[in-house]
There are 2 protein chains.
Amino acid sequence: MRTSDKGFNALGDPTRRAIFEKIRNRPLAVVEITKGLGVSRPAVSQHLKILREARLITVHQQGTKNFCQVDQQGIQAMKNYLDNFWDTALTAYKLVAEKKKR
Amino acid sequence: MRTSDKGFNALGDPTRRAIFEKIRNRPLAVVEITKGLGVSRPAVSQHLKILREARLITVHQQGTKNFCQVDQQGIQAMKNYLDNFWDTALTAYKLVAEKKKR
DNA sequence: TAATATGGTAAGTTTGCACTTACGGTAAGT
DNA sequence: ACTTACCGTAAGTGCAAACTTACCATATTA
């Protein structure tokens, strides 16, 4: 399974997107992430595991707190995946436009 | 709901990713897309609707066939979303590295 | 050492969603 | 006009996954 696949699967869930966006600016502990999310802390832990396996976040322990921050690896994998569709989509579009003219 | 949200939701499903990749190089009719996918044609139709609403594909009729091709709009929306995490993730990482030194 | 705070995991429940079959609708061919 | 091919939608089903509660482990503080 590709990293990008895990990435799209991870960000396919709205709660995980909310978590991802919450740690966008600065690393946050799990308790802080949970606040205002509307789900229990164990649920957050399970989501974090999926985000971690998709290389979208990294976790580093500091005392009893586990700080989560954005990981570039997963993001880059997803960007590369989307980039591969970029050129081909353009050429395909041009082909159709050509066809219509005739 | 943002276009990028719909995009991640759409590509979060493996069958929809398979469809998306199948029309990567050239537009395909629904029947052709269905071949070798392992799901029924109605299932494909339902997936196509979701991909269309996420601006990831466009559909144009030609006789009785409905040709599907990649749409740049949805892709661009997702790329923009990921780009917004790019810089901030870097600065956040630097902040943590600074903190560790002290 | 006792108490508190943080958080991961196990087990069970529920709900959303990906799938199916059945049907109708349109366009092209004979 | 009849048949065939292509396709979307409606309705119902089954399962994966997102949630819950309960429990345990670890690290800090008093």
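**Exercise 1. His47(A) and its surroundings**

Work out which side chain makes a polar contact with the side chain of His47(A), and where His47(A) sits.

*Solution.* Start with the polar contact: the His47(A) side chain pairs with that of Arg16(A) at 3.1 Å. (Helices are DSSP runs of H or I with at least four residues, strands are runs of E with at least two, and both are numbered from the N terminus.) Then check accessibility: His47(A) has a relative accessible area of 16%, so it counts as buried. (Buried means under 20% relative accessible area, exposed over 50%, partly exposed in between, with a 1.4 Å probe and protein chains only.) Finally, list the neighbours: leaving out residues up to four places away in sequence, His47(A) touches Asp13(A), Thr15(A), Arg16(A) and Ile19(A). (Contact here means heavy atoms within 4.5 Å.)

A word on ground rules: this is a predicted model, where local features need pLDDT of at least 70 and side-chain atom pairs count only at pLDDT 80 or more, while totals for chains, interfaces and linings use all residues. Residues are numbered from 1 along each chain as its sequence is written, chains are lettered from A and ligands numbered from 1 in the order in which they are written, and side-chain values use heavy atoms, with hydrogens and water left out.

**Exercise 2. Chain A as a whole**

Find how many helices and strands chain A has, and in what pattern.

*Solution.* Count the elements: chain A has five helices and three strands. Now read along the sequence, and the pattern is α-α-β-α-α-β-β-α. For burial, 44% of the 102 residues of chain A count as buried. As for contacts in chain A between residues at least 6 apart in sequence, 50% of them link residues at least 24 apart.

**Exercise 3. Helix H2 of chain B**

Which residues of H2(B) are buried, and why do they lie on the same side of H2(B)?

*Solution.* First pick out the buried ones: Arg16(B), Arg17(B), Ile19(B) and Phe20(B). They lie on the same side of H2(B) because they cover an arc of only 160 degrees around the axis. (The arc is that of the directions from the helix axis to the C-beta atoms.) Then look at the N-terminal end of H2(B), which Asp13(B) caps with a side-chain oxygen 3.1 Å from the backbone nitrogen of Thr15(B).

**Exercise 4. The interface**

Describe what chain B brings to the contact with chain A.

*Solution.* Begin with residue counts: 33 residues come from chain B and 33 from chain A. The two chains bury about 3,400 Å² between them, with 64% of it on carbon and sulfur atoms. (Buried area is the accessible area, with a 1.4 Å probe, that two parts lose on being put together, summed over both.) Arg24(B), Phe85(B) and Trp86(B) supply 18% of the area that chain B buries against chain A, more than any other three residues.

Move on to polar pairs: eight residue pairs, both at pLDDT 80 or more, are in polar contact across the interface. On the side of chain B that touches chain A, the elements giving two or more residues are helix H1 (3–11), helix H2 (14–22), strand E3 (65–70) and helix H5 (72–101) of chain B. H5(B) gives the largest share, 17 residues. By class, that side has 17 nonpolar, nine polar and seven charged residues. (Ala, Val, Leu, Ile, Met, Phe, Trp, Tyr, Cys and Pro count as nonpolar, Asp, Glu, Lys and Arg as charged, and the others, Gly among them, as polar.)

**Exercise 5. Salt bridges**

How many salt bridges are there between chain B and chain A, and how many over all chains?

*Solution.* Six salt bridges run between chain B and chain A, and the count over all chains is eight. (A salt bridge is a side-chain nitrogen of Lys or Arg within 4 Å of a carboxyl oxygen of Asp or Glu.) Take Lys79(A) and Asp83(B), whose closest N and O atoms are 2.4 Å apart. This pair crosses from helix H5 of chain A to helix H5 of chain B. Lys79(A) is buried at 14% relative accessible area, whereas Asp83(B) is partly exposed at 32%. Then take Asp83(A) and Lys79(B), also with closest N and O atoms 2.4 Å apart.

Methods: Polar contact = N/O pair within 3.5 Å; in protein donor to acceptor, adjacent residues only side chain to side chain.
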